[in-house]
Amino acid sequence: MPVLIFFVAVWYLSLFCQTFFQHRYAAHGAFSMNKGWERFFFILAWITQGSSYLSPRAYAIMHRMHHAYADTDKDPHSPAYSSNFFSMMWRTRMYYAGIFDGSIPVEERFTRNVPDWPAFDRWANSSLSRLIWMALYTAFFIAYATSPWQYLLLPLIYAMCPLHGVIINWYAHKYGYINFRLRNTSKNLFHVDVLMLGEAYHNNHHKMPSDVNFGKRKHELDPIYPIILLFNRLGIIRIHKQAPVKSKSPEDLSSVAQKEKEEAVW
């Protein structure tokens with residue numbers, strides 16, 4: 001039981017930081033926060049994501065590229081250019097590493113206003129940091145695992161953030177339903193999203209990237225949206241004015257989306 005509780009806690013806590021901080025804040029600027037809170041969430045992301053920590057700067061740039069080049073050969077992660085999700089994960093890893101170390105040229109538009117803490121990222125993204133976290137996870141399993149089968153969860157914890165990423169970037173571009181007809185394959189993976197904290201409403205998100213609420217229909221409950229409203233009320237963040245559902249999002253970096261005619265399906 002302790003191992004299962006630990007797995008669920010790592011799943012949701014790491015995913016919370018990914019969707020709230022790296023995705024909605026760093027990549028899309030859906031809300032703002034001061035430097036102190038920004039650094040707090042840098043540290044919180046490292047603690048909750050551990051061995052699979054994602055640099056907010058590298059993640060934001062890569063995700064902006066995904067929106068700009070969705071389902072083209074320049075997309076860092078598209079099922080259209082990978083034969084299986086393992087090859088897509090490797091392609092994503094290469095893009096992420098290249099952006100992080102500067103070996104991949106990045107257009108200036110993708111780097112505007114991204115959060116950056118170079119000294120901390122060098123440590124949090126280092127092999128040593130990842131190995132320390134993996135050792136801590138392994139020690140926990142040795143102390144509390146009650147069955148050899150529970151050790152099958154350990155590799156998933158090691159690579160938790162990539163696991164979250166492949167669920168959306170592979171399956172939500174192949175399966176699901178759509179609310180908006182777009183010129184990409186994004187779909188809403190679940191009618192009620194309980195596993196991905198709003199991230200499964202991927203078609204909605206590609207329509208309105210900077211909207212703080214990823215759910216658009218009555219049954220589409222985004223668990224992070226009330227937390228964002230609470231943080232806004234507490235003064236931790238400041239929500240930007242949201243565009244109407246039919247409007248283009250000013251934060252949408254997709255050159256294709258600026259030209260296409262989109263419409264709601266419902």
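The legends below describe close-up views of a predicted model.

**View 1. Confidence across the predicted chain.** The mean pLDDT of the protein is 91, and 90% of its residues reach 70 or more. Over residues 243-261, however, the pLDDT is below 50, although this stretch has 33 contacts in the model beyond near neighbours in sequence.

**View 2. The largest nonpolar core and the surroundings of Phe31.** The largest nonpolar core holds 58 residues, of which Phe20, Phe31, Met33 and Ile237 touch the most other members. Helix H1, spanning residues 2-27, supplies the largest share of this core, with twelve residues. When neighbours within four places in sequence are set aside, the contacts of Phe31 include Phe20, Arg24 and Tyr25, together with Val212, Ile228, Ile237, Arg238, Ile239 and His240. In soluble globular proteins, nonpolar side chains tend to be buried together.

**View 3. The salt bridge between Arg24 and Asp222.** A search of the whole structure finds five salt bridges, and in one of them Arg24 pairs with Asp222, with the closest N and O atoms 2.8 Å apart. Because Arg24 belongs to helix H1 and Asp222 to the loop between helix H9 (202-207) and H10, the pair ties together parts that are 198 residues apart in sequence. Arg24 is buried at 1% relative accessibility, and Asp222 is likewise buried, at 6%.

**View 4. Two further salt bridges.** Glu107 and Arg109 form a salt bridge in which the closest N and O atoms are 3.0 Å apart; Glu107 is partly exposed, with a relative accessible area of 37%, and Arg109 is partly exposed at 22%. Asp211 and Lys216 meet through their side chains in another salt bridge, at 2.7 Å from N to O, where Asp211 counts as buried at 12% relative accessibility while Lys216 counts as partly exposed at 22%.

View 5. Leu153 is placed in the loop between H6 and helix H7 (154-158), and its relative accessible area of 18% falls under the 20% cut-off, so Leu153 counts as buried. Apart from neighbours within four places in sequence, Leu153 is in contact with Val3, Leu4, Phe7 and Phe141. The C-alpha atoms of Leu153 and Phe141 are separated by 9.4 Å, the two residues being twelve residues apart along the chain.

**View 6. A nonpolar patch on the surface.** Trp123, Leu128, Ile132 and Leu136 form a nonpolar surface patch, with about 370 Å² of accessible area together. Helix H6, residues 127-144, gives the most to this patch, with three residues, and Leu128 has its place in that helix.

Definitions and conventions
Residues are numbered from 1 along each chain as its sequence is written. This is a predicted model: local features need pLDDT of at least 70, side-chain atom pairs count only at pLDDT 80 or more; totals for chains, interfaces and linings use all residues. Side-chain values use heavy atoms; hydrogens and water are left out. Patches are made of residues with over 30% relative accessible area and no salt bridge: like charges are joined within 9 Å, nonpolar side chains (Val, Leu, Ile, Met, Phe, Trp, Tyr) within 5 Å. Accessible areas come from the Shrake-Rupley method with a 1.4 Å probe; for residues, only the protein chains shown count as cover. A salt bridge is a side-chain nitrogen of Lys or Arg within 4 Å of a carboxyl oxygen of Asp or Glu. Helices (H or I, at least four residues) and strands (E, at least two) are DSSP runs, numbered from the N terminus. A nonpolar core is a set of buried Ala, Val, Leu, Ile, Met, Phe, Trp, Tyr and Cys residues joined through side-chain atoms within 4.5 Å. Buried means under 20% relative accessible area, exposed over 50%, partly exposed in between (1.4 Å probe, protein chains only). Contact means heavy atoms within 4.5 Å. pLDDT is the predictor's confidence in each residue, from 0 to 100.
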